[in-house]
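The following paragraphs lead the reader through one protein model, from its pockets to its core and then to selected residues. Please keep the sequence and the coordinates at hand while reading.

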Amino acid sequence: MSEQLSFDLPAKPALGRDDFFVAPSNAMAVALIDPSFTWPSGKLVLTGPKGAGKTHLAHVWAKESGARVVPAQALTEADVPALASGPVAIEDVPEIAEDALAQKALFHLHNMVLTHGHRLMLTGRPAPNLWGLGLADLQSRVQAATHAALTAPDDALLAVVLAKLFNDRQITPKPDVIPYLVGRMDRSFAAAQAVVERLDRLALAEQRTLSRALAIKMMAEDRKSEMD
């Protein structure tokens, strides 16, 4: 029987509702994106570390509400009228903290979306009060939004995140790989992404199946590099 090998294929994230694992660290955010839930301010801010699921939840909400998802850095004043005709999600808002034109466009979009009776979702890594937006009126409106924070994963969620990241790369590790990783890796979404990427590349380079032995080798290399 041939062993499964890893192939250097681009990861294709699955962004459906059924692909999202609900855990205590994200349960509030999942509840708030349900179409039946009314955001008191008409707007919602989702925050959390890289890989926590902000983009995933934004796309779930967009699909269920007919919203558009736009990166904050791509937003221009010319886009505002069309975007304001329906619900919209703007991702990674803190990344425009130094971009006065993008902030101005978002400020106008914010006002028009709410005036038209639609809903607005904003995402970013830190808490809203730390977004540092130079446009004070925009910063104050962000802080007035309903806020849901996605926090660090517990064991169950970390295991599911690892499984999803492997699946996104179209590879299936041996059954004992994920439990081994969960018990030894840093407890963060960013670490999960880094571990999966490194194991994928290591398996490809050595033309080996993605096994516990390969994970042990990777961890040993990490310990050695930390001691050097």
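**A guided reading of the model**

The second largest pocket has a volume of about 220 Å³. The volume is the space filled by probe spheres set on the points, with grid points joined across faces, edges and corners. The model is predicted: local features need pLDDT of at least 70 and side-chain atom pairs count only at pLDDT 80 or more, whereas totals for chains, interfaces and linings use all residues. Residues are numbered from 1 along each chain as its sequence is written, and side-chain values use heavy atoms, with hydrogens and water left out.

Of the 10 residues that line this second largest pocket, Arg 184, Met 185, Asp 186, Met 219 and Asp 222 are the closest to its centre. The lining divides into five nonpolar, no polar and five charged residues; in this scheme Ala, Val, Leu, Ile, Met, Phe, Trp, Tyr, Cys and Pro count as nonpolar, Asp, Glu, Lys and Arg as charged, and the others, Gly among them, as polar. Helices α8 and α9 each supply at least two residues of the lining, and the largest share, four residues, comes from α9.

These element names belong to a fold of nine helices and five strands. Helices (H or I, at least four residues) and strands (E, at least two) are DSSP runs, numbered from the N terminus. From that terminus on, the order of elements is α-β-α-β-α-β-α-β-α-β-α-α-α-α. Among contacts with a separation of 6 or more, 73% join residues 24 or more positions apart, a contact being heavy atoms within 4.5 Å. The accessible surface comes to about 11,500 Å², of which 56% belongs to carbon and sulfur atoms; accessible areas come from the Shrake-Rupley method with a 1.4 Å probe, and for residues only the protein chains shown count as cover. Of the 228 residues, 43% are buried, that is, under 20% relative accessible area, with exposed meaning over 50% and partly exposed in between.

Which residues of the largest nonpolar core touch the most other members? They are Met 121, Leu 181, Met 185 and Leu 199, in a core of 45 residues. Such a core is a set of buried Ala, Val, Leu, Ile, Met, Phe, Trp, Tyr and Cys residues joined through side-chain atoms within 4.5 Å. Two or more residues each come from α1 (27-32), β1 (43-47), α2 (54-65), α6 (155-168), α7 (177-182), α8 (189-206) and α9 (212-227). The largest share of this core, eight residues, is given by α8. A second, separate core holds 25 residues, including Ile 96, Ala 105, Val 142 and Ala 145.

Beyond its neighbours within four places in sequence, Met 121 is in contact with Ile 33, Trp 39, Leu 44, Leu 46, Ala 58, Trp 61, Val 88, Ala 89 and Ile 90. One of these partners, Leu 46, is found in strand β1 and is buried, with a relative accessible area of 0%. Leu 46 and Ala 149 are 103 residues apart in sequence, yet their C-alpha atoms are 5.9 Å apart.

His 118, in the loop between α4 (100-115) and β4, is partly exposed at 24% relative accessibility. Asn 129 lies in the loop between β4 (120-124) and α5 (136-143) and is partly exposed at 49%. Not counting residues up to four places away, Asn 129 touches Gln 139 and Gln 143.

Backbone angles close the account. Most residues other than glycine have a negative phi. Gln 170, in the loop between α6 and α7, has a positive phi of about 60° and is partly exposed, with a relative accessible area of 48%. Gln 207, in the loop between α8 and α9, has a positive phi near 50° and is partly exposed at 47%.

How values were computed:
Buried < 20%, exposed > 50% of the residue type's maximum accessible area, 1.4 Å probe, protein only. 1 Å grid on protein atoms, 1.4 Å probe; cavity = no way out; pocket = protein on both sides within 12 Å on 5 of 7 lines; lining within 4 Å.
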